[in-house]
Amino acid sequence: MTTLAKIPVTVVTGFLGSGKTTLIQHLIRNANGKKLAVLVNEFGSEGVDGDILKSCADANCPAENIVELANGCICCTVADDFIPAMEQLLARNVKPDHIVIETSGLALPKPLLKAFDWPEIRSRITVDGVIALADAEAVAAGRFAPDPAAVDAQRAADDNLDHETPLSEVFEDQIACADIVLLTKADLAGAEGIKAAREVIAAEMPREVPMLPVVDGTIDARVILGLGAAAENDLAARPSHHDGEEEHEHNDFNSVVIDLPEVSDVDALIASIKGLAREQNVLRAKGYIAVEGKPMRLLVQSVGERVRHQFDMPWGARVRQSKLVVIGEHGDIDEAAIRARLGV
């Protein structure tokens, strides 16, 4: 039977390493019977998040319903990437009940919402809601800025100084567009950290929205899917630093992909990644590592000096090849120095 009902789309936004992929993994496994499709947008040429999500595909979200775009921010490549990808999902014989978009950590959500007005898709999909993830521990400590202590010192010295940085603007645009804010890694932040993060975010929000603490992406899908926000028709309530601009660029950020040999000392690798954050202001690193003598691949993800790693699945027929995607602000990415720190 043909239906005129639009398919709801949830946009999941959030700063680097805030836990978007972990949340979507949880939604895939706990979809309450909904048939999901997922569109993953990564910054840089090597996709990691899409591969992570495909590893937990199931009957409600088969692997072919997980589409990965790694050619740049989808809000900058609407015609070339986003619209064709959405048309691909909508052309499935069995259409999804709900589509989830994981934006890159550097994406501004409002330009993406504007894309939902494109003629090819506007009659078939609607933005059910925008879910912004904020790392509660990092926000409470002011680490959404590259050097909060320096920013505060400059503010104290000169009240007229333009203290905004690209990182803070990305953060503010993401939460200002949200219908719900999830305070992730609540277990690391603790009660005081959650309270501080709430205060920081509330000060930047143009309107009051729910802020919910979560751990490991665990939240009832009914809380964040089915909001019915029709956000594409509510843009005026979602202010952005970039309102009035025809387009935006991500020249403030850069990424490099580092090929590594098989690793014999995982602890040494983790120490080197922490060193990149401490010494070269690397914001994020993520990738798969081949460990000598281990049939499983090692998934490594870092935010600043906080590094998480785990063996996620056997290499199987895949080539045992270690790759690490390193992301930072443009002036901080020195490929030669990064390779030297990693010993390659």
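Trainee: Among contacts in the protein between residues at least 6 apart in sequence, how many join residues at least 24 apart?

Mentor: The share is 79%. Keep in mind that this is a predicted model.

Trainee: What does the protein contain in helices and strands?

Mentor: It has 11 helices and 12 strands. Of the 344 residues, 51% are buried.

Trainee: Which residues of helix α1 are buried?

Mentor: Helix α1 spans residues 20-29 and is mostly covered. Eight of its 10 residues are buried. They are Lys20, Thr21, Leu23, Ile24, Gln25, His26, Leu27 and Ile28.

Trainee: Where is Lys185 found? Is Lys185 buried or exposed?

Mentor: Lys185 sits in the loop between β6 (180-184) and α8 (186-204). Its relative accessible area is 11%. The cut-off for buried is under 20%, so Lys185 counts as buried.

Trainee: And where is Asn281 found?

Mentor: Asn281 belongs to the loop between α10 (266-280) and β9 (284-290). Its relative accessibility is 41%, so Asn281 counts as partly exposed.

Trainee: Let us turn to strands. How many bridges join β10 to β11?

Mentor: Eight bridges join them, and the two strands run antiparallel. Strand β10 covers residues 296-303, while β11 covers residues 306-314.

Trainee: Which residue takes a positive phi in the hairpin of β10 and β11?

Mentor: Gly304 does, with a phi near 60°. The hairpin has two residues between the strands.

Trainee: Next, helix pairs. How are two packed helices described?

Mentor: Take α10 and helix α11, residues 335-342. Their axes come within 9 Å and cross at roughly 145°. The crossing is right-handed.

Trainee: Which residues of α10 and α11 meet?

Mentor: On the α10 side they are Leu269, Ala271, Ser272, Ile273, Gly275, Leu276, Arg278, Glu279 and Gln280. On the α11 side they are Ala337, Ile338, Arg341 and Leu342. By class, this contact has seven nonpolar, three polar and three charged residues.

Trainee: Now single residues. Where does Arg238 lie, and is Arg238 buried or exposed?

Mentor: Arg238 is in the loop between α9 (221-224) and β8 (253-260). At a relative accessible area of 1%, Arg238 is buried.

Trainee: With which residue does the side chain of Arg238 make a polar contact?

Mentor: With Asp234, side chain to side chain, at 3.3 Å. Leaving out residues up to four places away in sequence, Arg238 also touches others, among them Lys110, Leu113, Val130, Cys177 and Arg207.

Trainee: Where does Cys177 lie?

Mentor: Cys177 is in the loop between α7 (166-176) and β6. Its relative accessibility is 1%, so Cys177 counts as buried.

Trainee: Which residues is Cys177 in contact with, leaving aside its neighbours within four places in sequence?

Mentor: They are Pro109, Lys110, Leu113, Val130, Arg207 and Arg238.

Trainee: How many residues apart in sequence are Cys177 and Ala236?

Mentor: They are 59 residues apart. In space, their C-alpha atoms are 9.9 Å apart.

Methods:
Residues numbered from 1 in each chain as written. Predicted model: local features only at pLDDT ≥ 70, side-chain atom pairs only at ≥ 80, totals over all residues. Heavy atoms only, no water. Helix = DSSP H or I, 4+ residues; strand = E, 2+ residues; numbered from the N terminus. Buried < 20%, exposed > 50% of the residue type's maximum accessible area, 1.4 Å probe, protein only. Pairing = 2+ DSSP bridges. Axes fitted to C-alpha atoms, helices over the stretch in contact; angles between N-to-C directions. Left-handed = near helix turned anticlockwise from the far one by under 90°. Contact = heavy atoms within 4.5 Å. Nonpolar A, V, L, I, M, F, W, Y, C, P; charged D, E, K, R; others polar. Polar contact = N/O pair within 3.5 Å; in protein donor to acceptor, adjacent residues only side chain to side chain.
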